[in-house]
Amino acid sequence: MLPDVAHYDRSAAAQLLARVLADVDLQPDRWFPASPYRVEPELTPLTPAPGSHLTRAQLSYLESGMRPCPPELVTSATHRVMWHDTDGVLNVAHCGPGGFGPIVPIAARETVLVLRRALADAVVDELDAAEIAVMTATTTDRDPVEILSVGLETTARALVQHAYLADRTRYRTPGEFARGLRDSGLFAVVANTWFWGLQSSTFRRGMIPVAPADGTTRYTAETTRMLRAMKDAVIASPDPEDAGLLRQYGSLTEQPRCLANMPATVDGRRVTLLPGVVDTFVETFARLVDGVEITSDQEVAMSSPAGEVFEVPDMTCSHCTSTITKVLQSNGVTVSEIDLDTKRVVAAFPSADVRERCFDAIRDRGYTVITAVAS
């Protein structure tokens, strides 16, 4: 029974999520790209700052957004990867120093696309007005399909980031590594222990603030303590401009659990969504990655329709679009379009100086800005 007046209620939100998604039968096979799927990524080396294994941007974010994490707990990727996925959307991620190279972020992205298509095809249930009010009061992405889509993105990010550490584990293929992460329970640890903003921000910068224990994918005790300390620090002092964070975490006395990892009751049975989502993701990735072929680097060519158009490939959720919109509007820029699926932004800049100031501010928040070039 839902309350008459909707308020923040993670248990009720988890129950609604489970009701809509518990019995959804995803059929990813029909959405697989043709095999072999050939990709020509552009790889750009990351340049560490003098005397450090981290770049200047990573060091800056470590100081401003990752307290009290020490630099020695952070592993950096070695290369930035850019490529177009099967939807024609430009993507940016990172790879190395593990031995898998760019195939993990590329296959992880295709796994997200496959499962998002399968999800949109399978879900027919909808929330009523009272249920929508509960989700709106509790979550940033309030629709169950949107929430699960963000969860798929989060799972992909976790896989990509932890692949930086692959050489420190016993796994020697991407599929084995993904299954090892799943079997160790690491995806649930990320969902419950990491603050989602920390995961997004470190992903965009090619960082991971963890250390694996004894050749496995499990965290050291120091890693677990540090992640909790970082999450506590963010919850204790949230950015006052982040209304979503303040609404979700501002009044909590303990760290919140992931909605998909909270048990709920559906038709008299106990349901926890996360294990099934992770298993579906990992098995889809393990099958799909074998059909990916990485070819030589290419120049990333962009075409631009009329208007001031740019792309932000690492936008992954409504929080990202809100952040970018706020940056632009605070500088007097009119935003006419911002599309999360295509990563495309259309905005009217009053001058070239304002344009560059906005792009710098967006990059300072860890995002990549790709300017369009007329074809």
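Reader: Let me start with a pairing I was clicking on. What is the bridge partner of R80 in strand 5?
Author: That's H94. Keep in mind that this is a predicted model.

Reader: Okay, and how many bridges are there between strand 4 and strand 5?
Author: Six, and the two strands pair in the antiparallel sense. They form a hairpin with five residues between the strands, and G88 in that hairpin takes a positive phi near 80°.

Reader: Which other strands are in that sheet, and in what order?
Author: The open sheet has three strands, in the order 2-4-5, and the pairing is antiparallel. Strand 2 (42-45) and strand 5 (90-95) are the edge strands, each pairing on one side only. From one strand to the next, the twist averages 25°.

Reader: What actually holds strands together in a sheet, parallel or antiparallel?
Author: Backbone hydrogen bonds: strands of a sheet pair through them in either arrangement.

Reader: Good. How many bridges join strand 2 to strand 4?
Author: Four, with strand 4 covering residues 79-84 and the two strands running antiparallel. As one example to click on, P45 stands opposite H79 in strand 4.

Reader: Switching topic: where is S76 found?
Author: S76 sits in strand 3, which covers residues 75-76.

Reader: Is S76 buried or exposed, and why?
Author: S76 counts as buried because its relative accessibility is 9%, and the cut-off for buried is under 20%.

Reader: So what does the side chain of S76 make a polar contact with?
Author: With the side chain of Q58, at 3.1 Å. Leaving out residues up to four places away in sequence, S76 touches L46, H53, L54, Q58, G96, P97 and G206.

Reader: Let me zoom out. How many helices and strands does the chain have?
Author: There are 13 helices and 13 strands. The chain has 375 residues, and 51% of them count as buried.

Reader: And what share of the contacts comes from residues 24 or more positions apart?
Author: 73%, taken over the contacts in the chain with a separation of 6 or more.

Reader: Now helices. At what angle do helix 3 and helix 11 pack?
Author: About 120°, with their axes 9 Å apart. Helix 3 is residues 103-122 and helix 11 is residues 273-289. That angle makes helix 3 oblique to helix 11.

Reader: Is the crossing left-handed or right-handed?
Author: Helix 3 passes helix 11 in a right-handed crossing. On the helix 3 side, the contact includes I103, V104, A107 and A108, while helix 11 brings in T280, F281, T284, F285, L288 and V289.

Reader: What about helix 6, how many of its residues are buried?
Author: Seven of its 10 residues, so helix 6 (residues 174-183) is mostly covered. The buried ones are P174, G175, F177, A178, G180, L181 and R182.

Reader: Which helices do those buried residues pack against?
Author: They pack against helix 3, helix 5 (144-162), helix 7 (186-193) and helix 11. Also, just after helix 6, G185 takes a positive phi of about 80°.

Reader: Okay, further along the chain now. How do strand 10 and strand 12 pair?
Author: In the antiparallel sense, over three bridges, with strand 10 at residues 309-311 and strand 12 at residues 344-348. The bridge partner of E311 in strand 12 is R344.

Reader: And how many bridges join strand 11 to strand 12?
Author: Five, and they run antiparallel, with strand 11 at residues 334-339. One spot to look at is I338, which stands opposite V345 in strand 12. These two strands make a hairpin with four residues between them, where K343 takes a positive phi near 65°.

Reader: Last one: what's going on around I362, and where is its place?
Author: I362 is in helix 13, residues 352-364. With 1% relative accessibility, I362 counts as buried. Its contacts, not counting residues up to four places away in sequence, are F310, I324, V327, L328, Y367 and V369.

Reader: And how many residues apart are I362 and T325 in sequence?
Author: They're 37 residues apart in sequence, and 9.7 Å apart in space, C-alpha to C-alpha.

Terms used:
Residues numbered from 1 in each chain as written. Predicted model: local features only at pLDDT ≥ 70, side-chain atom pairs only at ≥ 80, totals over all residues. Heavy atoms only, no water. Buried < 20%, exposed > 50% of the residue type's maximum accessible area, 1.4 Å probe, protein only. Polar contact = N/O pair within 3.5 Å; in protein donor to acceptor, adjacent residues only side chain to side chain. Contact = heavy atoms within 4.5 Å. Pairing = 2+ DSSP bridges. Axes fitted to C-alpha atoms, helices over the stretch in contact; angles between N-to-C directions. Parallel < 35°, antiparallel > 145°, perpendicular 65-115°, else oblique. Left-handed = near helix turned anticlockwise from the far one by under 90°.
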